[in-house]
Amino acid sequence: MTTTKPETTKTTATGNSKIPYYPGCTLKTTAKNFENSALAAARALGIELLEIPRWNCCGTVFSLADDDLIHHVASVRNFIRVQEMNDYGLVKNENRLVTLCAMCFNTLKSTNLRMKNNAEDLSKINDLMYREEDYQGKVEVIHFLEVLKALGFEKIHDRVKKPLKDLKVAPYYGCMILRPQEVGIDDPEDPTIQRDLLESLGADAVDTPYKRVCCGSYQTVKDKDIVAELAYDILTHAQKEGAEALATVCPLCAFNLDHRQKEVKAKHPDFTEIPVFYVTQLMAIAFGLDGECYGFDQNYVDPRPLLRKKSLIEQQQES
Amino acid sequence: MIKKVEITPENEKFLNKVNELSGQVVTLCEQCGTCSGGCPLVGEMDITPSQWMRLVQLGLKEVLDFKAVWVCASCFTCTVRCPRKIDVSKVAEALRQIILRKAIDYIDLKAIPKDELACLPQIALVSACRKFTG
């Protein structure tokens, strides 16, 4: 196979743009491979995701009870941090807050909508956090996939050094970047954003009706059998359509679809394992970035045999 | 099975409580069943989402005895599909909150095996605590 020189710092013609980035807890632990690959892939496209100083947990789920304001405080504090980044000159007139984790995205964006649409709620929260500056309601919560779409999939295609030729990947969206509709970044019934991204990387995107069916989410803590059944349906439908791997942007979906394959296999002995990637890992490979950012050691089903078969990584290299 | 239900002020109070917590008007539900038909977890539930909507409309507190709303994963599939634009996920949340606010938890955190705790991502644990504990 042809070897490509690892590149991690080159910027594109679009120049270098800095956007405040909210990682969230899981991106620093079980989904470190998501963060590392995404930051490296963004850098290769001339986008610098600048970690928000002093960020705190967003609460993971948006509180759905109308009288429950206190659980929105955590999210709003992070919006104030973005305001401060502008105040201190870390970014200039940049109100966007980018997330990678789909759950953080949903929680932060839902909270932000409630604050923007309800002046009374916002004022109550500002009063409660009297030691912080007031949240002005100007932050815009966006997902990394939206940044990529705005950049243009053509530009992403131009950056590809090692097309993911013949790699059949089923994009899996889950719930949190699609629903509810006012929060979602794509059509909630027939999303295409990850398909477009995968195709720009040279992969064959495999469509499956299960791409937007819930993986069971937090039920994985209480009853992993429920999740194993949902994962079985999602994974085997992708396999029936010819997929060799799945791609996702949610660390909880990744856990339920990847790590829970152990439980799936125990319940369904006919099941064959299938790798689940963060879509950013596939970007890093296609961009020919240094293998250190791939982080395959954190994937439960090792994707390296598949990637070697497709000559996308060296025979004995890349962790 | 035909069952006669008498709507008392107590029943109306319960309906109003759910409406208030969820911000929804549960009586708008016309029992079309779209929520139940599309729910990815309905197979694990003891009553369907449209059934809990009906029980709430009638102000029947027995809806709290079923485990269905605890199996709900807040995936919002029903929410985006409801032809009456009712956020069914928020109704489920209201029912959970009525129980959780009595300090009755649905999950025993001590019962989670150590090896599970070691591998579960934080977002799983935090969201389960938010959804299942008061």
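Tutor: Two residues are in contact here if their C-beta atoms, placed from the backbone, lie within 7 Å. The model under discussion is predicted.

Student: By that criterion, how many residues of chain B are in contact with chain A?

Tutor: Contacts are counted on both sides of the interface. Chain A contributes 35 residues. On the side of chain B, the number in contact is 33.

Student: Which element supplies the largest share of the side of chain B that touches chain A?

Tutor: The elements of chain B giving two or more residues to this side are α1 (9–22), α5 (77–81), α6 (88–100) and α8 (122–132). The largest share amounts to 10 residues, and it comes from α8(B).

Student: What ipTM does the predictor give the complex?

Tutor: For chain B, the average pLDDT is 97, and 100% of the residues score at least 70. For the complex, the predictor gives a pTM of 0.94 and an ipTM of 0.96.

Student: How far apart are the C-alpha centres of the two domains of chain A, domain 1 and domain 2?

Tutor: Chain A is divided into domain 1, residues 17–144, and domain 2, residues 152–309. Their contact takes 24 residues from domain 1 of chain A and 26 residues from domain 2 of chain A. The C-alpha centres of these domains are separated by 25 Å.

Student: Which element gives the most to the side of domain 1 of chain A that touches domain 2 of chain A?

Tutor: Two elements of chain A give two or more residues to that side, namely α1 and α3 (102–117). The residues of the side comprise 14 nonpolar, eight polar and two charged. With nine residues, the element that gives the most is α1(A).

Student: What is the handedness of the crossover from β1(A) to β2(A)?

Tutor: Strand β1 (residues 17–22) and strand β2 (residues 47–51) of chain A run parallel and are joined by five bridges. Within this pair, Tyr21(A) stands opposite Glu51(A). The chain passes from β1(A) through helix α1 (residues 32–44) of chain A to β2(A), a β-α-β crossover that is right-handed.

Student: Which strands stand at the edges of the open sheet of four strands in chain A, and why is one side of each left without a neighbour?

Tutor: The sheet has the order β6-β5-β7-β8 in chain A, with parallel pairing. Each edge strand has a single partner strand, so one side of each lacks a neighbour in the sheet. These edge strands of chain A are β6 (204–205) and β8 (276–278).

Student: Which residue is the bridge partner of Val169(A) in β7(A)?

Tutor: Strand β5 (residues 168–171) of chain A pairs with strand β7 (residues 245–248) of chain A in the parallel sense, over three bridges. The bridge partner of Val169(A) in β7(A) is Ala245(A).

Student: Which feature does UniProt place at residues 21–109 and 169–258 of chain A?

Tutor: Residues 21–109 of chain A are 40% helix and 12% strand, with the end C-alpha atoms 14 Å apart. Residues 169–258 of chain A are 41% helix and 10% strand, and there the end C-alpha atoms are 14 Å apart. To both stretches the UniProt record, an unreviewed entry, assigns the feature "domain: Cysteine-rich".

Note on methods. Residues numbered from 1 in each chain as written. Chains lettered and ligands numbered in written order. Predicted model: local features only at pLDDT ≥ 70, side-chain atom pairs only at ≥ 80, totals over all residues. Pairing = 2+ DSSP bridges. Right-handed = clockwise from strand over helix to strand, strands pointing away. UniProt positions renumbered as here; feature names shortened; annotations may be inferred. pLDDT = per-residue confidence, 0-100. Domains from an automatic or database assignment. Nonpolar A, V, L, I, M, F, W, Y, C, P; charged D, E, K, R; others polar.
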